[in-house]
Amino acid sequence: NRIGDFNPQAMANTVWAFATAGVAAEALFGAMASAAVNRIGDFNPQNLANTVWAFATAGVAAETLFGAIAGAALNRIGDFDPQAMANTVWAFATARVAAK
């Protein structure tokens with residue numbers, strides 16, 4: 001498993017690419033969710049937004065990941081540009097996940 005070698009941008013780009021292509025890859029998304037939760041503090045706002053957008057677009061449930069992203073986003077809310085914020089909010093609404 002080389003996912004542990006991915007940096008946050010590579011993780012976000014990978015799930016974004018699969019979601020954009022409409023490729024169902026639940027095992028990949030599951031592994032990426034676990035890896036991302038463990039390294040969520042290393043993600044910048046764009047990485048957070050792109051990751052959560054990809055999971056919502058792909059329709060992959062990842063409650064723990066969404067919770068971790070919600071916490072990280074709240075802690076860094078001032079660092080989000082309008083696009084990253086809009087994508088993050090859209091993803092939570094689309095996935096019907098309430099940030100707690």
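1. A cavity, in the sense used here, is a set of grid points where a 1.4 Å probe fits but cannot get out. Its volume is the space filled by probe spheres set on those points. The model under discussion is a predicted one.

2. The volume of the largest cavity is about 30 Å³.

3. Which residues line the largest cavity? The lining consists of Met11, Val15, Met32, Ala33, Ala36, Thr51 and Phe55. By class, six of the lining residues are nonpolar, one is polar and none is charged. At least two lining residues come from each of helix H1 (8-21), helix H2 (26-38) and helix H3 (45-58). The most is given by H2, which contributes three residues.

4. Two of these helices, H1 and H3, have axes that come within 8 Å and cross at roughly 25 degrees. Angles under 35 degrees count as roughly parallel, so H1 is roughly parallel to H3. Their crossing is left-handed.

5. On the H1 side, the contact with H3 involves Pro8, Gln9, Ala12, Val15, Trp16, Ala19 and Thr20. These residues meet Asn47, Asn50, Thr51, Trp53, Ala54, Phe55, Thr57 and Ala58 of H3. The contact of H1 with H3 comprises nine nonpolar, six polar and no charged residues. Val15, Thr51 and Phe55, named in this contact, are also among the residues that line the largest cavity.

6. H3 also packs with H5: the axes of H3 and H5 come within 8 Å and cross at roughly 30 degrees. H3 and H5 are therefore roughly parallel to each other. Here too the crossing is left-handed.

7. For H3, the residues that make the contact with H5 are Pro45, Ala49, Val52, Trp53, Ala56 and Thr57. For H5, they are Ala84, Asn87, Thr88, Trp90, Ala91, Phe92, Thr94 and Ala95. The contact of H3 with H5 divides into 10 nonpolar, four polar and no charged residues. Trp53 and Thr57 of H3 take part in this contact and in the contact with H1.

8. How are helix H4 and helix H5 arranged? Helix H4 (residues 63-75) and helix H5 (residues 82-95) pack at an angle of about 150 degrees, and their axes are 12 Å apart. Angles over 145 degrees count as roughly antiparallel, and H4 and H5 are therefore roughly antiparallel to each other. H4 passes H5 in a left-handed crossing.

9. The contact between H4 and H5 brings Phe66, Ile69 and Ala70 of H4 against Ala91, Phe92 and Ala95 of H5. This contact has six nonpolar residues, with no polar and no charged ones. Ala91, Phe92 and Ala95 of H5, which meet H4, are also listed among the H5 residues in the contact with H3.

Technical notes
Residues numbered from 1 in each chain as written. Predicted model: local features only at pLDDT ≥ 70, side-chain atom pairs only at ≥ 80, totals over all residues. Heavy atoms only, no water. Axes fitted to C-alpha atoms, helices over the stretch in contact; angles between N-to-C directions. Helix = DSSP H or I, 4+ residues; strand = E, 2+ residues; numbered from the N terminus. Parallel < 35°, antiparallel > 145°, perpendicular 65-115°, else oblique. Left-handed = near helix turned anticlockwise from the far one by under 90°. Contact = heavy atoms within 4.5 Å. Nonpolar A, V, L, I, M, F, W, Y, C, P; charged D, E, K, R; others polar. 1 Å grid on protein atoms, 1.4 Å probe; cavity = no way out; pocket = protein on both sides within 12 Å on 5 of 7 lines; lining within 4 Å.
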